[in-house]
Amino acid sequence: MLKATDLRLGYDGVPVIFDVSLEIHEGEVVSIVGSNGAGKSTILRGLSGLIRPMGGKIEFMGQDITKVPAHKLVEMGIAHVPEGRQLFGKLSVRENLMMGAYTLKNEADKKDALESVYHLFPRLKEREGQAAETFSGGEQQMLAIARGLMSKPKLLMIDEMSLGLAPVLVEKVMASLKEIRATGITVLIVEQKVKEALELADRGYVLATGRILTSGTSAELLESDIVKKAYLGM
Amino acid sequence: MIGQIIINGLLNGFVYALVAVGLSLTWGVMDIVNFAHGEFLLWGMYGAFWIWALIGLDPLLSLPIMVVLIFILGVLVYLIVIRRVLNAPGLTALLATFGLSMVLKNLTQFFWTANYRNVTNPLVSNKSLKLLGMYIRQDYLVAAAGALLLTILVMTFMDKTKTGVAIKATSMNKQAAQLMGIDTNKIYAITFGLSGACVGAAAALMASFTPIYPEACALYSTLAFVIVALGGFGNIKGALFAGLIIGVAEALGGYLVGTSYKYMIVFIIYLVVIQIRPRGLFGW
């Protein structure tokens with residue numbers, strides 16, 4: 001579904017991601033794990049078109065999207081839930097969600113999308129008139145994911161959804177991913193919480209200082225020495 | 001007497017507010033300080049004047065035309081000038097709009113000389129209505145009512161339409177807006193156009209009773225900056241109320257302290273408020 005080849009990404013001409021190749025198949029949950037500063041978020045920013053690759057190629061559903069800007073990729077079916085949620089703080093929950101549905105053309109689709117995210121996160125419906133900035137961290141994360149789902153994406157990419165959340169909320173948000181997956185959406189998650197992310201995903205890539213260290217099925221990675229030593233403290 | 005002064009101030013205030021709403025859109029949303037905002041207003045007034053002079057259409061009736069024309073001017077200015085400096089350091093954009101303001105003002109003088117122009121025999125006369133013991137000039141009243149109506153229209157647009165909410169979303173978080181599929185470049189162009197449309201309308205409302213010459217809009221432009229800062233950046237309701245406050249302060253100051261000092265009063269109010277509320281009265 002999504003294939004990146006020799007991707008090189010950076011800021012102001014300075015590369016931070018070096019020749020990363022990865023592939024995501026339809027229906028999968030894939031995770032990119034690694035410690036803080038490894039370049040995980042940069043990869044997502046490159047895949048969603050927020051930054052233009054300095055080298056390499058990205059294909060989505062067989063099309064070359066290397067130079068397609070972010071706003072067009074949303075229409076093509078890629079949703080990116082950015083790190084730190086990046087909600088529209090002054091806008092209400094409902095307005096945030098409707099912005100998520102910005103690319104949907106007909107009203108029936110929007111209504112349908114709204115109903116399905118309200119079904120997934122009933123809490124949002126209860127508080128749809130409230131300004132997003134008044135929400136707690138966990139609620140904001142739910143809203144950010146819901147907003148990402150509003151564009152009816154084929155691929156949902158979520159950056160550090162556990163960041164700043166209490167463990168009980170992390171579990172809750174991660175559980176919602178299982179439901180999202182069940183609706184047929186392919187999911188790419190980027191996480192610092194290596195164990196949790198790999199347990200949720202089918203496959204994973206381990207990233208360190210801008211390069212892929214190793215990759216494989218989650219079971220393989222959880223058993224590998226590299227992951228055990230460096231990330232699980234075993 | 002005080003009642004009369006306040007009424008006069010309010011009538012001016014509504015027009016100030018509409019000009020400020022236009023400025024507030026670009027300043028608040030795009031963080032671009034558009035020094036050429038006053039020249040947009042100026043071109044709107046000349047536009048209204050020439051339509052009247054050449055085909056005899058009253059400025060009030062040419063309002064829709066001026067809205068469209070200055071909207072287009074705004075979009076063009078964005079595409080030709082602003083877009084190129086948007087990602088440059090802040091000072092670059094500032095200097096670009098400052099230069100633009102010089103160019104537009106001098107072009108005005110080049111095309112139409114520095115002479116004063118006046119619309120004579122306008123549709124609404126400068127006669128006064130007597131209401132509750134106060135005199136209200138008809139042309140001022142119509143301009144104020146028109147300005148209020150258009151300000152409310154812009155507010156409704158921002159709150160209720162998809163594009164309006166997208167403009168607000170873009171102002172809050174540009175990258176997140178892009179991730180929603182919003183073409184922020186297009187949103188910026190529309191915002192600049194809308195900013196122009198506000199002053200285009202204000203120009204048409206004022207053209208019948210304001211002498212039109214290349215420096216005519218300097219005052220409106222300065223006051224618009226004060227009003228936006230006072231009301232809170234990007235806050236349209238704030239600009240409306242701040243416009244009224246400035247209008248009344250100007251009128252009361254002129255009456256109580258003396259006409260030559262009325263702007264001193266205005267700026268003192270501004271300075272005091274900014275000390276207490278740096279983000280303005282209704283600022284985020």
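Two residues are in contact if their C-beta atoms, placed from the backbone, lie within 7 Å. This is a predicted model: local features need pLDDT of at least 70, side-chain atom pairs count only at pLDDT 80 or more, and totals for chains, interfaces and linings use all residues. Residues are numbered from 1 along each chain as its sequence is written, while chains are lettered from A and ligands numbered from 1 in the order in which they are written. Helices (H or I, at least four residues) and strands (E, at least two) are DSSP runs, numbered from the N terminus.

**A loop residue in chain A**

- A:Thr103 sits in the loop between α3 (93–100) and α4 (107–120) of chain A.
- A:Thr103 counts as buried because it has 21 C-beta neighbours inside 10 Å. The cut-offs are 20 or more other C-beta atoms within 10 Å for buried, 12 or fewer for exposed, and partly exposed in between, with C-beta atoms placed from the backbone.
- Not counting residues up to four places away in sequence, A:Thr103 touches A:Val74, A:Glu75, A:Ser151 and B:Gly181.
- A:Thr103 and A:Val20 are 83 residues apart along the chain, and 30 Å separates their C-alpha atoms.

**The sheet of chain A**

- An open sheet of 6 strands runs in the order β6-β7-β8-β3-β9-β10 (chain A), with mixed pairing. Two strands pair if DSSP finds at least two bridges between them.
- Its edge strands, β6 (78–81) and β10 (211–217) of chain A, each pair on one side only.
- From one strand to the next, the twist averages 15 degrees.
- Strand β9 (residues 203–208) of chain A runs antiparallel to β10(A), joined by 6 bridges. Here A:Tyr205 stands opposite A:Ser215 in β10(A).
- Helix α1 (residues 40–47) of chain A lies across β3 (29–33), β6, β7 (155–159), β8 (186–191) and β9 of chain A. This helix runs at about 150 degrees to β7(A). Axes are lines fitted to C-alpha atoms, for helices over the stretch in contact, and angles run from 0 to 180 degrees between N-to-C directions.

**Strand β8 of chain A**

- β8(A) is largely enclosed by the rest of the structure, because 6 of its 6 residues are buried.
- In a regular strand the side chains alternate between the two faces of the sheet.
- Both faces of β8(A) are covered: A:Thr186, A:Leu188 and A:Val190 are buried on one side, and A:Val187, A:Ile189 and A:Glu191 on the other.
- β3(A) and β8(A) run parallel, joined by 5 bridges. A:Val29 stands opposite A:Val187 in β8(A).
- β7(A) also pairs with β8(A) in the parallel sense, over 5 bridges. A:Asp159 has A:Val190 in β8(A) as its bridge partner.
- The chain crosses from β7(A) to β8(A) through helix α7 (residues 167–182) of chain A, in a right-handed β-α-β crossover. Right-handed means that, with the strands pointing away from the viewer, the path from the first strand over the helix to the second runs clockwise.

**Chain B**

- Chain B holds 11 helices and 2 strands.
- Buried residues make up 52% of the 284 residues in chain B.
- The C-alpha atoms of chain B fill a box of roughly 60 × 50 × 35 Å, taken along the principal axes.
- Among contacts in chain B between residues at least 6 apart in sequence, 77% join residues at least 24 apart.
- B:Ile227 is in contact with B:Tyr16, B:Ala17, B:Ala20, B:Ala239, B:Ala242, B:Gly243 and B:Ile246, leaving aside neighbours within four places in sequence.
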